[in-house]
Amino acid sequence: MNLLDFSNSIEGYLLVSSILLTLGIFSVLTRKNAIGILLGVELILNAAGINFVAFSKFHSAAIDGQMVTLFIILIAAAEAAVALAIILRFYRLKQTIDADEASLLRN
Amino acid sequence: MPVNSALFAQSLTQWTQGTWFASVPIWVWALVSALIIIYMLALPFGGIATYVERKIAADLQDRIGPNRVGPLGIFQFAADAIKMISKEDYVPPGGDRFLFNIAPVLVVVGSCAGFVALPLGQYLVAGDINIGVFYIMAITTIIAPGILLGSWASENKWSLLGGLRSAAQIVSYEIPVALSIVPIILISGSLQIGEIVKQQGWHDHFWNVFHNPFTFISFFILFVGGLAETNRIPFDLPEAESELVSGFNTEFSGMRFGLYALGEFVDVFVMCALVTSLYLGGWQIPFLELDKFWVTLPSGLIALIHVSFFLGKTFLLVFVVMWLRWTLPRLRVDQLMGLCWKGMVPVALFNILGTAIWMWAFKGQSMLQVVSGLFSGGGGSH
Amino acid sequence: MTNGMKWILLIAELLTVGSALIVAINPNILYSAVFLLFSFLGIAVMYLFAGADFLAGVQVVVYVGGVTILILFAIMLTQWLYRLKLKDIGSKFVVPGVVLALGLVPFLHRGLTQLGKMVQAAPPEKMAEFAASPKTAMIGKALLTNYVLPFEAVTILLLGALVGAVWLARPKA
Amino acid sequence: METGYISAFWFIVVAAITVPLMLGVGALLRPKSIPTRRGTQAYECGEDPIGSAWVKFNIRFYVVAIIFIIFDVEVAAVLPVATQFKEAVLSGSAGFVFAEIFLFVALLVLGLIYCWVRGDLEWVKGVTQNAPRK
Amino acid sequence: MAQSCLWIVALPLTAFVIQALVGKRLPRQGDWVSVLAILGSFALATPIFLKLLATGAVHETLQFNWMVMPGVDAVSNSPILNKAVTLTVGVLVNNLTAIMLFMVTLCASLIHIFSTGYMHGESRYHLFFAYISLFSAGMLGLVISDNLLTLFMCWEVMGLCSYLLIGFYYQKLSANNASLKAFMTTRVGDVMFFLGICGLYYVFGTSNLSQIYEGIKTGVGSDVTLLGIPALAFIGFMLMMGTIGKSAQFPLQVWLPDAMEGPTPVSALIHAATMVAAGVFLLVRTYPVLEAAKVVLPVIATVGALTAFLAACIALVQVDIKKVLAYSTISQLGFMVLGMGVGSFAPGFMHVITHACFKACLFLASGSVIHSVHTQDMREMGGLRSKMPITFLTMFIATLAIAGVPGFSGFVSKDRILGDALAYGMTHPSQMWIPVLGFITAGLTAFYMFRLIFMTFFGHARDEHKHHHAHESPITMTFPLMVLAALSFAIVFAGPTGIHSVDANLLPIHWFDHALDHVKTEMGVQGLHASEEVEHHAHSLAMIVSLVVAGLGIFLSALTYLKKVISAAAFEKALKPVHTLLWNKYYFDDLYIKVVIQKLFLPLTVLMAKFDDKVVDHIFVDGWAKVAMVLKSVIAKFDDVVVDKLAVDGSGTVVSAGGWVLRQFQTGKVQQYLILTFIVFGMLLFYMTR
C-alpha cells in the first residue's frame, strides 16, 4: 500500500504539516473571534514543529531538529499565556473579543 | 531490562513457550495484557474501592456499612453498578450532546492509560516506556479538560463552577506533583519507572523515601498532591455536597456518573501506585534480594511475590487515602490554592535543590549507604 | 514498523488533519478548541512515530495539559456572555482567507515534493536506529552541551511571559 | 518506536472503548423514559433554574492557569537535564548541571515570588486586603 | 642615532610651541625653556660628533613613508599617474651632518645664552626666544633631512624666522622694510631652488638625496634634456640660484646688510653662523649633481669670486660696525662659493664651519660693544680697549682668524681654498683671474677688519659721554665670546701650526680631512682634478702669497687708522668717485628699486591692470551679465510654469492621493494586515520553489 508507506515517509509528515499550515492561516485570517486567531497561530506553530521533527528523523537523524521543536513548544506555551491575557484584558475593555473591534490603531 | 517489548505479554509468551501460542504476534499480546490489566485490575478495583471505602467509613463512624448484598456486602459494588447502568442517561437541554459524551472518555482514558508504565513486578510491566513517569504525568493531565468540558456541557451553573474549580485545582496541584517527581529523576537518572524501581533494591539506594531527608519530605508532597489532583476528600471541594450540590457531575446521571466515580478511584489507584513505585520501592522487597536468595525460585513465584508486595503497598496507601477522607475537614478554596502555591510548590522546589546538593555532596549515595559506609569504612560505596 | 503500526500512524495523521480542519471551519469556538486538543494528541502520536518520544510527552503535557486548559478557561471566561452568539460567522475576510489558504497549496506542494525527493534520495544511514533509541538522555545531553544558552534564554522569556501575563490578567485595581 | 508504546496504545483504546460500551449497554438495558419538563431542567436543588448559567467573570482561574503552564513548561524543560544529573554527579561535572538547573528554577521562582508579593496567588480578592501596592 | 636626530629637531620645536603659547606667563618669560631646549639638542648632537671623531665615519639613514599614492593605472594610462609613488622622508646622518649638527647646536646655544643677557628688558622678550627656537629647529631640520622637499620646508621655515627676527623692532620703519626686503629677495632664490628640486624629481624620479647619489653614480639622467638644455645643467643652475638667494651672493645680496636692523644675536645666529651657511650647505649636499652638470661649477666659481671682491670693497667704506661685519660675511660666503666652484669641496665646507665660529664671535662682540655704548656708528666709538678688555680680546682673536693670520682657523680654511683656486687657475689659465681676485679680497678683508678693530678699540674716545658709560658686558654675554674665540684657533681644525702641510701623497693629516674625504667617496665626488704636482706647487705658492697679502693689509690698516700716518680722508678725496660708488653699495639697491621694480615690474603691473579692466571687465563680466539677464527671464518663466504648477502642487496632490490609498490599508483590523503578510509569504514561497 503506497498510502501506508507514503504516510510513514517524510512526505506524509510534510503533507500533514502543510495542511496544518494552510488551515492555520485560514483560521487566523477568517476568525472573527480573537481566540480563534490564537488557535490558528497554535496550528501554524505545531505545523512548524512537525516539520522539524520529520526532518530530524528522515534527513539528519540528529537530535537538533527535536530540540528546536522542544523550544517551539516551550515558547508557544508562554506566547499563548500572554496572548490570552491580552485577549482577556481586551475583553474587559470592550466586553467583546471580536477581532474587528480591536481596531483602535486604525488610520 | 533485557527486552523492553510488551514485557507482560513477553512473560506470557515465556509461559506458553512450547504451545501454539508462540506464533501469536506481539501486538496481540499487548492487547491481551491491556484487557487483563484494565478489566481485571483497574475497573474491578474501582468498584471494590467504593465498597471498601464505605466499609472503612462505616467502621470509622462506628457503624456497619453495606452488608446486605452478598456476605458482608461484598457484592455491593456490583449492585451499584447494575443500578447505575439501568438508570436513565439524559443530556441536559441546554448542553450539547457531543461534548457531554466526549468528556467521560477523556476522564477514563486519563486515569486508566497510566497503568501501562506501572511495573507490577520486575518483568511484570505492561510496557516499560522509556519516558514512563513523564507519560503518566502527561496522561493524567487529560483529565482536567475532560472535567471542564463535562461541566461546561452540562449547562448548569453549579456544574460549571464546580468544573472550573476542580480543573483549577487539578491543574494547580499538578505542579507540586511534577516538582516532587523531579528529585526522584535526579536520583535515578532515568524516566523509566522500571529503572527507578530497580535502583531501590536493598543493596542499592533502598527505598527513595529514605534516600535523603529532602526526598522524605517530597514523598509527602507527592502523596498530598496526588490526593488533591484526584479531588479526594481534604480537597474534594469541586463536588462539595454542601455548596455545589455534587460539583461538575451534578448533571451526570446513571452510568456517566458511575464512570466519573470509577475514573476517580482508578486515578487514586494510579497515584498511589506511582507513589509506591517512585518512593516506596515498587515491587522491591525490603531487606532482601530475591535474586540472591539462597534457593533460586521459579520465575513465576518471584513475579507473584513482587506483585503482592507492590499491590500491598499500593493498597496500604489507598487505605490511608480513604482514612483521610473521614478525618480531615474540607479546605476552603483560597486555603486550597494558598496551600498549593504558597506551601507545596516552594517546599517542592526546596526539595529539588536539597536533593541536588545532597547528591552532589555525597556522590549520589543515600543516607543509609553513607551511614553504612561510615561504619564499614567506606565499603558500600555506590 | 509493522503494517499495524503504519496504520496507527495513518490514523493519527488523519485525526490531526481532520480535527485541524474542524478547528479552522467550525463556527463554535469551543468545539474548535476541543478539536485543537485532539489534533495536539494526534501530533503527539506522530512525534512518537518520528522517534521523538520525549517530545510527544512534552507536547501532551504542555499543549494538552496547559494550552488547552488556558484556551478553555479563556473561552469560558469570555464566551459566557455570548452563549447564544457563539457562532463565529460572517467575518469579512472569509473570501481572501480562502483564496490565500488555497493559493498557498500548489506552492507548498511543489516545494514539499522537491524537499521530499531530496530527503528520500539520501536517507541517513542511522535513521532506524536513531528513531528507535530513547531521546530523553540525548535531549538532556544536548541541553547541557550546545543548547545551554537557549535553555537559559527560555527561562528569561518564561519569566517575562509569567510576569507579563499575570500583570495583564490582574483584576481591575 | 518502542514496542512499549503499542501497549500504551492498546491501553488507551481499551479505556476509550469501555465508556461507550458501558453507556451502550445501559442504553440497551434500561426502560424507555418520557422526558418531563421538570425532569429535564437543570438541577437547582429542586428550585426552578433562573437565568442562564451565568457566572461572574472571575479572572483568578486564568491567573492560576498561567502560573500552572509556566511551571509545567519549566518541569518539562528541567526533566531531561535532571536525567543527566546522576551521570554528571558520578562523572564529577555535577557543578555545571546543578548550576544550569538552579539558574533555570531560580528565575522562575523569582516569578513566583513576584506573583506572591503582588498578591496574585490569593484566591479570594479581599477589597481591602489586596489593594494593589503602589 | 637617527632617532636622536629627530629629537634634536623636536626639542627646539617644542620650545617654540611652549614659548609661543605660554611664554609670557612663564618665570623669566620662558627664556630658560629655549635655552634648555637648544642645550638639549647640543647634548644630543655631541655623541654623534664624538662617534665621528672616534670612528672617522658615521652613516645612518632612517626612512618612513610620508605619502603612499597607489597608481591609478585602471583609470588613466598616463605614465605619471599610474606609477605608484611612495614619498619617503627621513634622516640622513653622515659626516657632513654630524659636523654641521655639532657646529649649529653649539653656535645656537651660545647665542641663546648671549641673547638672554643682550635682550634683557626688551618688550617682546619671550616672542624673540620663540622665533630663535623655531629658527634653530628649522636649521637643524634642514641639516638632517634626507629628502630635498623636507630640506626645502626647513629652508622656508628659516626664511620666515629671518623675516620675523629682522622685523623684531617692527616699530622702526626701516626694520619693517628690511624684513620685507629680506623675505622677498630670498623668496626669488627659493623659487629657483624649488624648480631645481622639481627638475631633480623629474630626472631621478625621487627627491631623496641618498637615491640621487646612487642615480648619479649609475649615470642616470645624464642624457635627459629639458626644453633642449641638458637637465642636469638646468638643475645645477637652479640650485645655484637657491644658494645665491639664501647666502646673499652677488645678484641677491642686497637684503643681508639691511638685515642688520634685527637685534645683534639674530644677526649672529642667522646672518653669520647658520642660515646663510645653509645655502652653501645645499651646494655641499647636492655637489655630485653639480659635478655631473660640468658647466655649472665655473659659473659658481665666478659668482663666488665676484661677490667676495665686491663685498670686501664695500666693507672698506662702511662706518656702521654691523654693516662692516655683514659685508664681510657676504665676502666670506663668496669665498665658500668660490671654493665650491673650483672644486675644493673639503676646504670649502671647512670654511663654512670656521667662518660660523669666528663670525658669530665677531657679531656677538660687536653686539656687546653696541650694548654698552648704545650706538652702532664706529665714528662715535674708540678707545674701548680699556673699558671692555674681554670683548676686545675675543674680538681681536676672531679678527685675526678672519684676516687669515696663520695659527688661526680662518687661515687654515681660506688658505686651502685659495690654494685650490690657484691650482684650478693653473689648470685652466683662462680662469686665472679668479685666484688673483681671491688673493686681493683676502688682503682687503684683513684691511677692513683691522680698520674696524682700530676704530672701535684703539685711539682716543671720540664721544666722551658714551665712552664714560661703556662698561664690560655681564658674564652671560662674555662667556659665549670666550668659547667662540677659543674655537677660532687653528688647533681645533688642522694641527698645531695650522699650516697645511701636505705630505707627499696628499694624505689629509687631520680628523676634519679624514671625515670629509670619507664623505667625498661616499657621495661619489671627485673634487679638484688638477695634477698632483701642480696642486703641491699651487698650495705652497698660495701660502706665501696669502701671508704677504694679509700682512700688507694689516700693516696698511694700522698705518691709516692706528698711527694715522696715512690719512683716510686723503684717500677718500683721491679716489672720490670710487669711494662714492662703494659708499652706495654699487647702487645695487637703487638699481633694483629704480630699474627692476619701477622700470620692469611697475609698467608690467600697469599693463596687466589695463588688460584686466578692458578685456576681462568689459567683455567677460558685462557680457556675462547680459547673458545672465536673458537667462533669468527665461528661467523665471520656466520656474513658475513648470516648477510651481507641476512639481510642487503636482507632487503635493500625488502624495496626498498616495496617502489616501495607503490609509485604506490601515484599517486597524489585525487580520487585514495578516492577509497582506501572507500574500507576501505566498509570493516568497512561489519565488523559493520555482
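Biologist: What percentage of the 134 residues in chain D is made up of buried residues?

Modeller: This is a predicted model, and the values here are computed from it. In chain D, buried residues account for 49% of the 134 residues. The secondary structure of chain D consists of three helices and zero strands. Following the sequence of chain D gives the pattern α-α-α.

Chains E and C can be taken next. Nine residues of chain E are in contact with 10 residues of chain C. On the side of chain E that touches chain C, six residues are nonpolar and three are polar, with no charged residue there.

Chain E also holds a backbone angle to look at. E:Ala248 has a phi near 50°, which is a positive value in a residue other than glycine. E:Ala248 sits in the loop between α8 (231-246) and α9 (255-258) of chain E. A residue is buried if 20 or more other C-beta atoms lie within 10 Å of its own. E:Ala248 has 31 C-beta neighbours inside 10 Å, so E:Ala248 counts as buried.

B:Asp62 lies in a loop, between α2 (26-60) and α3 (76-86) of chain B. B:Asp62 counts as exposed because it has 6 C-beta neighbours inside 10 Å. To sum up, E:Ala248 is buried, whereas B:Asp62 is exposed.

Note on methods:
Residues numbered from 1 in each chain as written. Chains lettered and ligands numbered in written order. Predicted model: local features only at pLDDT ≥ 70, side-chain atom pairs only at ≥ 80, totals over all residues. Helix = DSSP H or I, 4+ residues; strand = E, 2+ residues; numbered from the N terminus. Buried ≥ 20, exposed ≤ 12 C-beta atoms within 10 Å, placed from the backbone. Contact = placed C-beta atoms within 7 Å. Nonpolar A, V, L, I, M, F, W, Y, C, P; charged D, E, K, R; others polar.
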